[in-house]
Each structure stands twice: as structure tokens, then as C-alpha cells.
Amino acid sequence: MILDLHGKLMGGPDADNIRDLLHGIIDGGSKKIIVNLGGVNWINSTGVGILMTGYTTMRRNGGDLKLLNVSDRLQSILYVTKLNLIFECFDDEAEAVESFFRE
Amino acid sequence: MSADILVAFPSEYKYLNLVDLVCNEIIDGMGFQHEAANEIAISVIEACTNALEHGNKCCPEENVHVIFSMQPDRLVVEIQDHGEGFDFKDYLKHIPDPTNIHKQRGRGIFIMKRMMDALIFEMLPDGGMKVKLEKMLSKNGN
């Protein structure tokens, strides 16, 4: 499943909304999620924390979460916090989808 | 010789966009390279987010004040809120491990410390907290 996020990912109600969304996806039977950040024009460390919580939620439920269209700024944050070692990031949607089938 | 630009905005997330626009103009004008420019913009927004969230508790009546000081060899950005502050000396001694994947929060100060050349916290005598960020031009080959 591809989850297209738009706007700001900076904390506040976003954290609860995304957690609920991911739980809804898991309850619906999907365990492989690609989060498309192409429409996210704002992200900060709290937003990264939200993605991290999503990743942990998916992994705990036997699934996985990968990132698509990561901005320069997010790449910098991931690199500094070493979360680039955790998240698989893609620029191409087809490649991201394919990566699940290679596992 | 330095030039200062002041921005004051109500403690609401929507105004961070304005700070970012001003910040990017200043960074471009000073000639910072791409990576350094990203690091400054990320750090300024992190500090402003902390100020409006933790300092001013998202109260729109309380302003966050940002002062961009363009100096010949560096950019200095001061971010002030009206909050009670926190024990930053203790916090800086024990910065949480940002790679702890179970943590949703607590990475902001670590990120600022890593991305900027200086990060200084100061409690203001009349209340509130000031965060000072510095980025040197010389370290970017300019």
C-alpha cells in the first residue's frame, strides 16, 4: 500500500492521525507500506519521530515501512540522526514496490 | 559590521513558513552552500518549533522572536520565547540517543548541536529562554 502524505509533518495532531491511519491499515490486512513524502513540504525532528513510530508499529506487526520521495532536508535529518540506517528510501515508486518482492 | 533582521510571530505552526522564507533569503544572500544552508534552515525551524511548543505552549498571544544577525564571517540566529525554560545544562550533558528508534521525540537539540557550529541556551532575566545558533561562513569554503 502506498500512503501519500501532504502538507506539514511537524507534530501536534499529526502524530495521532498517522498512528491511527497505520493501525487502520494493519487492521485492514496490509503490512507493507510505502510512505510517499513527495507532497510533504515541511518536516522536522518531530515529524521524523512520527515516521519512526510508524516504522516501529509496522515492524512489531510483522510488516515494514519504506519512504518514497525524501526531500533534501529530511535526508539531512535522517543522516545526522543515523536513521538513514533504519529507513529504506526510494526516489522511484516502482523500485520501492519491487523492493518488497525481492525480500 | 553586521546587519540584523527581526521576525516576531504568534506561537502557531503556520507562521513557521514565514520564518523559513526569511531564513532562506538570508542564507542565499550570505552565500552559504547547499548543505550548510539546509542545516541552518533545519536548525532554525527546530528551535522555533521548540520555542512555540515548549516555551510558549502554542499560545497565539505569545510571540516567538527571531533575530538574524548577518556578520561578515557567520550567521547568528537568536530565538526567544516567554516560557519557563528547562535545565539545559543537565540536558546537554545527557542528550538522548537519537538513534533510539522507539523515541518519537527528543532529537531536535541533538540535530541542532550537530548541524550548527555553536548552540547556546540562555535563561533571560525577565523570563523566557533564548537559543543562539551560529554557523560560520569559513567552514563552507566561502
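Predicted model: local features only at pLDDT ≥ 70, side-chain atom pairs only at ≥ 80, totals over all residues.
Tyr55(A) belongs to helix α2 (residues 45-60) of chain A, while Phe87(A) is in the loop between α3 (72-80) and β4 (89-90) of that chain, so the pair ties together parts that are 32 residues apart in sequence. Both Tyr55(A) and Phe87(A) are buried.

A further ring contact involves a charge. Phe100(A) has the charged end of Lys66(A) over its ring, 4.4 Å from the ring centre.

## Extent of the interface

The size of an interface is often expressed as the accessible area lost when the parts come together. Between chain B and chain A, about 2,200 Å² is buried, with 61% of it on carbon and sulfur atoms. Chain A supplies 23 residues to the contact and chain B supplies 26 residues.

## Polar links and contributing elements

One salt bridge is counted between chain B and chain A. In this salt bridge, the side chain of Asp20(B) meets that of Arg73(A) at 2.9 Å, N to O. The count of residue pairs in polar contact between chain B and chain A is four, with both residues at pLDDT 80 or more.

On the side of chain B that touches chain A, the elements giving two or more residues are α1 (16-30), α2 (34-55) and α4 (108-115) of chain B. The largest share of that side, eight residues, comes from α2(B).

Terms used:
Residues numbered from 1 in each chain as written. Chains lettered and ligands numbered in written order. Heavy atoms only, no water. Helix = DSSP H or I, 4+ residues; strand = E, 2+ residues; numbered from the N terminus. Buried < 20%, exposed > 50% of the residue type's maximum accessible area, 1.4 Å probe, protein only. Lys NZ or Arg CZ within 6 Å of the ring centre and 35° of its normal. Contact = heavy atoms within 4.5 Å. Buried area = accessible area lost by both parts, 1.4 Å probe. Salt bridge = Lys/Arg side-chain N within 4 Å of Asp/Glu carboxyl O. Polar contact = N/O pair within 3.5 Å; in protein donor to acceptor, adjacent residues only side chain to side chain.
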